[in-house]
Each structure stands twice: as C-alpha cells, then as structure tokens.
Amino acid sequence: IDIDITNRCNLRCRYCYHFESAGDADGDLPAAEWLRFFGELNRCAVTEVTLAGGEPFIREDLEEIVGGIVKNRMRFAVLSNGTLITDETAAFLAATGRCNYVQVSIDGSMPESHDAMRGRGSFARAVEGLLTLRRNGVPAAVRVTIHRKNVRDLEAIARFLLEDIGLPSFGTNSAGAMGLCRKNAEMVQLTTEERVIAMETLLRLTK
C-alpha cells in the first residue's frame, strides 16, 4: 500500500503534483487514525507500506507512525526529498529492522541543476540526507526527476551517484502535468527533442 501521510512539505518544487488542486487537504490525519488504519491493513494481510507526502519527515510524530507499522508486522519504505533526515531519525529507522529503503530525490550532479527546480540549498541538504542514511545503515535509493534543467546533466548525475556516492543503481522519472508542474510546464516539461536526448542517454548509460 502507498499512502500520503501528509500534504505538508518544506520545499515547493516547481514540478510537484501537489499544491494546486482543490482536493489537497489542509490538515494531516492524526497519528491515532493512522495507527487504527495500520491495524486494518494487518487484518487484510498487507505486508508492506510506502510512506509518501508531501514530505514524510516533516511530521513530528513520524516515529509513532512508523512504530504502528512495525507493531502490525509490516515492512515499510519512505519517499523523501532528503533535506530533513537527521542521524537520530536514520538510526531509529535502522533500529526497526523493517525499513526496506528510503528513497531520496536528487535531480543533479551539482546544485545548479538540482536547485533550479527544488530551491536554493536543497541539493546540499538532500545529499547530506542520503549520506546520513548510508552512514546509519539504512538502505537508500535515489530517484532522479528529469526536467529541462538537468536533461543534459544525466551522464554527470550517473557518475556522481554511482561512482562518487557509491550507489548500486538509481531510478528516473519525468515530471507529470499535475499540480505545480502544470503552472510551470514551459520551464519543466521536456520538449520532444529533449525527451529523445534523455532516452538516448539513459539507454547508453544502461548499456
């Protein structure tokens, strides 16, 4: 099961699928409601939960929520922008013994290509979050959202993540026309030519 445990986020990425819809909820469900829901998932034989948002690590009661998942004998993953991850939080996740991975969004090999869409200073904080996870023994993954500011940086991104950081792999996706991305489509979404460049680069890197 994939669930959004919050709509709140400390960033406003230009291609986020939140923040422009009448359906975006203002408030978060309290932890007690999530704990009750996890009990229902357990009775339905659900074995894995992916926590997303918003930014899951913005919740002050995240440890209580994760504790509810563990209590109900499920494993979990977290999708994050990486900027709020601390040693204390990473050590807690590792200690549960049930964290499949934390996925961090990194969109560049350098601040310019990442911060162009995610905000100044977010690259350094995301990389530090990724390193903090690895330092504490939490399985870490990276997802790269391909957009107009990083499509020509893909080879350098691969070198940075695989060689400099030492990840075994990383995943990619492209920004969809939802939420803030619809407003910022011209600066975010790939042209046909850029999409070809992205596909050819990824095929070459895969080979």
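Okay, let's start with a cysteine: Cys44 is exposed, because its relative accessibility is 60%. By exposed I mean over 50% relative accessible area, with buried being under 20% and partly exposed in between, using a 1.4 Å probe and protein chains only.

Before I go on, a word on the model: it's predicted, so local features need pLDDT of at least 70 and side-chain atom pairs count only at pLDDT 80 or more, while totals for chains, interfaces and linings use all residues. Residues are numbered from 1 along each chain as its sequence is written, and side-chain values use heavy atoms, with hydrogens and water left out.

Now the overall picture. The protein chain has nine helices and six strands; these are DSSP runs numbered from the N terminus, H or I of at least four residues for helices and E of at least two for strands. Its radius of gyration is 17 Å, close to the 17 Å from the globule rule for 207 residues, so the chain is as compact as a globular protein of that length. That radius is taken over C-alpha atoms, and the rule is 2.2 Å times the number of residues to the power 0.38. Along the principal axes, the C-alpha trace spans about 50 × 40 × 30 Å.

Of the 207 residues, 44% are buried. Contacts here are heavy atoms within 4.5 Å, and among those with a separation of 6 or more, 75% are between residues 24 or more positions apart.

Let me finish with two arginines. Where is Arg73? In the loop between helix H2 (62-71) and strand S3 (75-80). Arg73 is exposed, at 62% relative accessible area. Leaving aside residues up to four places away in sequence, Arg73 touches Asn42 and Arg98. Asn42 is 31 residues from Arg73 along the chain, and their C-alpha atoms are 7.4 Å apart.

Arg159, on the other hand, lies in helix H6 (residues 154-165) and counts as partly exposed, at 43% relative accessibility. Take Arg159 and Pro56: 103 residues apart in sequence, and 28 Å apart in space, C-alpha to C-alpha.
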